[in-house]
Amino acid sequence: MDYLPIFADLKRRPCLVVGGGEVAWRKTRMLLKAGADVRVIAPELNADFRRAVQSGEVTHFADEFSPSDLDGIFLAIAATDRKAVNALVYQSANQRQVMVNVVDDTQRCSFIVPSVVDRSPIIVAISSSGRAPVLARLIREKLEATLPQHLGRMAEIAGRFRARLAKTVMTLSGRRHFWEQAFNGRFSDLVAAGREQEAEHELQSLSLKSEPQGQVALIGAGPGDAGLLTLRALQLMQQADVVLYDYLVSDEVMELVRRDAEQVCVGKKAGFHSVPQEETNRLLVEYARQGKRVVRLKGGDPFVFGRGGEELEVLFDAGIPFQVVPGITAAAGATAYAGIPLTHRDYAQTAMFITGHQKPDGDQLDWSTLARGKQTLVIYMGLMKSGYIGQQLISHGRAPETPVAIIERGTQQTQNVLKGQLHELAQLAQHAASPALIVVGEVVNLSEKLHWFGKQEQQSQHTAVVKLA
Ligand code: SAH
């Protein structure tokens, strides 16, 4: 982050504008809007300035700038067409630790002024850090169009009601829930329609309703790329009081969780210390019973090899309301990003998903069905058992030359695809790191043409595999 966005309170603070033309006036108007005490320095003032000086809004401080004019100044803006003057303002301000902005000269700015969408008291500031002002302007136009005009009025009324709410709704999470309901519901509609008295009544009656019951949302976070989250997942993640997540959920996705939500890692990873399932179940019930909105975030889809069903059974037994938001399972996400269609009319009429990680009482898989030709087999958690899986498939009839792919970290920036043939699956797996998905079937060959994501890496990896084979 090149700049720290801050909102400065300029009311009655002395601010210096050097320059008396059109640009200087625009900056002055902005400072006046924020209530600043503006002093202007210029040998000549344009008509707007002259009017403002006459009415006492602005003080004409001097004709020529000298460094001591900055004494006692909070911030300064230089907007003259004389380079040397602008440079002197910048240099003198820096020496005095006064914030300074030389218009259209990012090199000579200790602060820059963002584009603003003003729905006061709601203010949105946008900046491209001086890199792409047009892009910042386009973003501002988008926000202007999407942020309703009544936002400001809504915030004003809400501000007045806060103290009263604290007396009726005791818990922090209860109050947050209250506001979310208000801002998303009838209160908002009433303010938009200009019916402000009724809107205030609406707040009152909402605040007398009982406190919310805790609930759990079991959410699929997809295979890693945050762009693959569903809108529902995002909404719930941003309303959550607490989020219980697995190690498989990517950092990119976790970034989108509400900042103030409590985040609890209940990760499971083969061979690593992790929270036992019973403890996760217990936490889910405990948090929900505290009236919290709990998000249980799982990699991929929660109902595909994710024990989501088991967790919901526990909630059902405890009488806790829940909902499920599906996610893109690794078999769909990783193969799509690797350019491997799961089915194809010429090569595979069936796709099967299995896990290499069985319950301890052993393998219940029907190998002769799994080994049939013209189908795609996708193996989750298969790296450790890859040797056994390859042997079983071959001994039950699948051709040893069947193409296989191992997709590491599918859909993530570091995605990597290893390719070879079924008889060398174990050898390939030795070079792969978890999380990785194994795909067996002729459709793997299509990735030669169809791969599109992280193209460069994929090609170089492919050469590595050829050497290996
Ligand atoms: N519920 C998850 C699967 C959990 S099992 C889902 O629907 O995707 C964990 C296994 O999923 C991993 O061992 C790996 O085989 C696979 N997996 C999950 N995310 C992956 C990713 N980004 N790339 C490759 N494989 C992944």
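Arg176 and Glu180 sit four residues apart in helix α6 (residues 172–184), about one turn of the helix. In this predicted model, the two form a salt bridge whose closest N and O atoms are 3.6 Å apart. Both Arg176 and Glu180 are buried.

Arg176 also forms a salt bridge with Asp241, and here the closest N and O atoms are 1.9 Å apart. This second pair joins distant parts of the chain, since Asp241 lies 65 residues away in the loop between α9 and β9 (242–245). Asp241 has a relative accessibility of 9%, under the 20% cut-off, so it counts as buried. Together with Arg293, the residues Arg176, Glu180 and Asp241 are linked in a network of salt bridges.

## Another helical pair, and the total

Let's turn to helix α1 (residues 22–33). Here Glu22 and Arg26 are four residues apart, about one turn of the helix, and they form a salt bridge with closest N and O atoms 3.7 Å apart. Glu22 is partly exposed at 47% relative accessibility, and Arg26 is partly exposed at 44%. In total, the structure holds 31 salt bridges.

Side chains of opposite charge can pair when their charged atoms come close. For Arg282, in helix α11 (residues 277–289), there is a polar contact at 3.1 Å between its side chain and that of Glu279. Arg282 is partly exposed, with a relative accessibility of 40%. The C-alpha atom of Arg282 is 17 Å from that of Gly306, which lies 24 residues away along the chain.

Asp225 belongs to the loop between β8 (215–220) and α9 (231–239).

Beyond its neighbours within four places in sequence, Asp225 is in contact with Glu252, Tyr337 and Thr411.

## A parallel strand pair

Strands β2 (residues 37–41) and β3 (residues 58–62) pair in the parallel sense, over four bridges. In one of these, Val38 is partnered with Val58 of β3. Between the two strands the chain passes through helix α2 (residues 47–54), and this β-α-β crossover is right-handed.

## Backbone features to look at

Most residues other than glycine have a negative phi, and most peptide bonds are trans. The Ser120 to Pro121 peptide bond is cis, with omega near 5 degrees, and Pro121 is found in the loop between β6 (115–119) and β7 (122–126). The bond from Ser434 to Pro435 is also cis, with omega near 0 degrees; Pro435 is in the loop between α16 (425–429) and β17 (436–440).

Two non-glycine residues have positive phi values. For Arg307, phi is about 60 degrees; this residue lies in the loop between β11 (293–298) and α12 (308–318) and is partly exposed at 40% relative accessibility. For Met381, phi is near 50 degrees. Met381 is placed in the loop between β14 (375–380) and α15 (386–395), and its relative accessible area of 44% makes it partly exposed.

Conventions: Residues numbered from 1 in each chain as written. Predicted model: local features only at pLDDT ≥ 70, side-chain atom pairs only at ≥ 80, totals over all residues. Heavy atoms only, no water. Contact = heavy atoms within 4.5 Å. Pairing = 2+ DSSP bridges. Right-handed = clockwise from strand over helix to strand, strands pointing away. Buried < 20%, exposed > 50% of the residue type's maximum accessible area, 1.4 Å probe, protein only. Polar contact = N/O pair within 3.5 Å; in protein donor to acceptor, adjacent residues only side chain to side chain. Salt bridge = Lys/Arg side-chain N within 4 Å of Asp/Glu carboxyl O.
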